[in-house]
Amino acid sequence: MYGTGAIGQHGPMPVLTHDEAQTRAQLLDVRRYSVELDLTTGETFESRTVIGFTARAAGDTFVELKPATLRSATLDGRHLDPERLDGNRLPLTGLTEGEHELRIDATMHYSRTGEGMHRFTDPADGETYVYTQLFLDDVQRVFAAFDQPDLKAVFALTVTAPDGWTVLANGVTTHHGDGRWTAAPTPRIPTYLVAVAAGPWHSVRTEHRGLPFGIHCRRSLARHLDEDADEILDITRQCYDRYHEKFEEPYPFDSYDQAFVPEFNAGAMENPGLVTFRDEFVYRSAVTDTERQTRAMVIAHEMAHMWFGDLVTLRWWDDIWLNESFAEYMGYQTLTEATRFTDTWTDFGIGRKSWGYDADQRPSTHPVAPDPDKVPDTASALLNFDGISYAKGASALRQLVAWLGEKDFLAGINTHFARHRFGNATLVDFLDSLAEATDRDVHTWAAAWLRTTGVDTLTRGSPPKPAPGASTSTATAAARTA
């Protein structure tokens, strides 16, 4: 996700704790979701979900869902009482070891504030568009799910949409007539990255290296998108090619669509195969070259997530910084190397870095990489989604690359991708992969730079002992300068 300081308004519901997520991950292996969405029913939409999963032992757990109406639920053919839905949790009790099938049939609310399935009617022409934004725990507003990042699964989506609409999703979509669309099943991805965008989109399509590329916007912005389509697609191709020079793992999905959607509550979101952007990036008038550079940076940032975040996903939200810091660093670096925007680090120093400095001097500062016990639930994870997770973390990674050398850094990254592809990983896993590519002590580096808070103080000679409770990181210039 590209951060702009805007975060969705999360309604009151029980939040998932880290302890609950760990317990559920130990119990369940989730294999596949088959999801059917009917978008033709007016002010609400229909959601039917079949989840195939395995219980590693006998036990109890729950599935998340926040419906307008829960019509029915069955577990292995046994009916579950809809009245047992407690807030957003439906208990699944008496699980036996082995395979299970859960079926949920529900009516769901559209969102007007960007969470779940957002619905927008364009005042310019009266056309309606819907799209999902499921970060970080909003999949349950669209369909039933075990909503945590380390329960990755294959997702197969079927969508029924009004006549004249196009349906976009994580995989290539096929129209079967009568408004029915299916999306190619995904590889194993987390729940928060499932994506659907449906409406009478204006689309510009092409192909690059055998992969379908597309850019999309609402019809009333068609002329403006067409004016910039060559630039947007050129940047996309250049970044795609450069990432393939850096990463041994090829792009892991079957298509690459970029949808510029209305009323988006963030900057952009790295859904595999279907990146969503706020449609203010479809410029309606003359803009500065810096604004064009910003748009290009967001394109590069989100594409970096296809590997770091989508292919390899955090295990818990304490590591959200690594997703964002990596995409931030790699986006600026790749834009500089591969496009006409060769001065992007100056923009980073002037604009983004000050965001990190500002956040790091507040009483609410936190380490770039907080300990897991400092992120006890999903609500607290959102508090760490700030300039520290983006700008300070990217600055630290840039320093790390300078210290290790880019060759060793990329060797470690490629080990990380190969070791954890379509799986989950932690900061320790990341550091272990880097350590195999270098003689540098990356674990000590991480303790000094990522586990401390506050603006750094560089001194000559031995570092002074910090005052009790002091938040400022202090170390010798020799130890802390790359």
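Which helix is Asp 360 found in? Asp 360 sits in helix H5, which covers residues 344-360. Hi everyone, and before I go on, please keep in mind that this is a predicted model.

Let's stay with Asp 360 for a moment. Is Asp 360 buried or exposed? Its relative accessible area is 6%, so Asp 360 counts as buried, the cut-off for that being under 20%.

Now to helix packing. Two packed helices are described by the angle between their axes and the distance between the axes. Here I picked helix H7, residues 387-404, and helix H10, residues 442-449: they pack at about 150°, with their axes 12 Å apart. That angle is over 145, which means H7 is roughly antiparallel to H10. The crossing of these two helices, H7 and H10, is right-handed. And who meets whom? From H7 we have Ala 396, Gln 399, Leu 400, Trp 403 and Leu 404, and they meet Val 442, Trp 445 and Trp 449 of H10.

In soluble globular proteins, nonpolar side chains tend to be buried together. In this model the largest nonpolar core has 123 residues, and Tyr 33, Leu 39, Phe 146 and Phe 409 are those with the most contacts inside it. A second, separate core has 30 residues, among them Ala 259, Leu 274, Ala 381 and Tyr 390. Going back to Tyr 33, the residues it touches beyond four places in sequence include Val 50, Ile 51, Phe 143, Phe 146 and Phe 155.

Last, some backbone details for you to look up on the screen. Most residues other than glycine have a negative phi, and most peptide bonds are trans. Asp 76, though, has a positive phi near 55°, and its place is the loop between strands E4 and E5. With 44% relative accessibility, Asp 76 is partly exposed. Asp 178 also has a positive phi, about 55°, and is found in the loop between strands E12 and E13. Asp 178 is exposed, at 79% relative accessible area. Finally, a cis peptide bond joins Phe 135 and Leu 136, with omega about -10°, and Leu 136 lies in the loop between strands E9 and E10.

Note on methods: Residues are numbered from 1 along each chain as its sequence is written. This is a predicted model: local features need pLDDT of at least 70, side-chain atom pairs count only at pLDDT 80 or more; totals for chains, interfaces and linings use all residues. Side-chain values use heavy atoms; hydrogens and water are left out. Helices (H or I, at least four residues) and strands (E, at least two) are DSSP runs, numbered from the N terminus. Buried means under 20% relative accessible area, exposed over 50%, partly exposed in between (1.4 Å probe, protein chains only). A nonpolar core is a set of buried Ala, Val, Leu, Ile, Met, Phe, Trp, Tyr and Cys residues joined through side-chain atoms within 4.5 Å. Contact means heavy atoms within 4.5 Å. Axes are lines fitted to C-alpha atoms, for helices over the stretch in contact, and angles run from 0 to 180 degrees between N-to-C directions. Angles under 35 degrees count as roughly parallel, over 145 as roughly antiparallel, 65 to 115 as roughly perpendicular and the rest as oblique. A crossing is left-handed if the near helix is turned anticlockwise from the far one by less than a right angle, and right-handed if clockwise.
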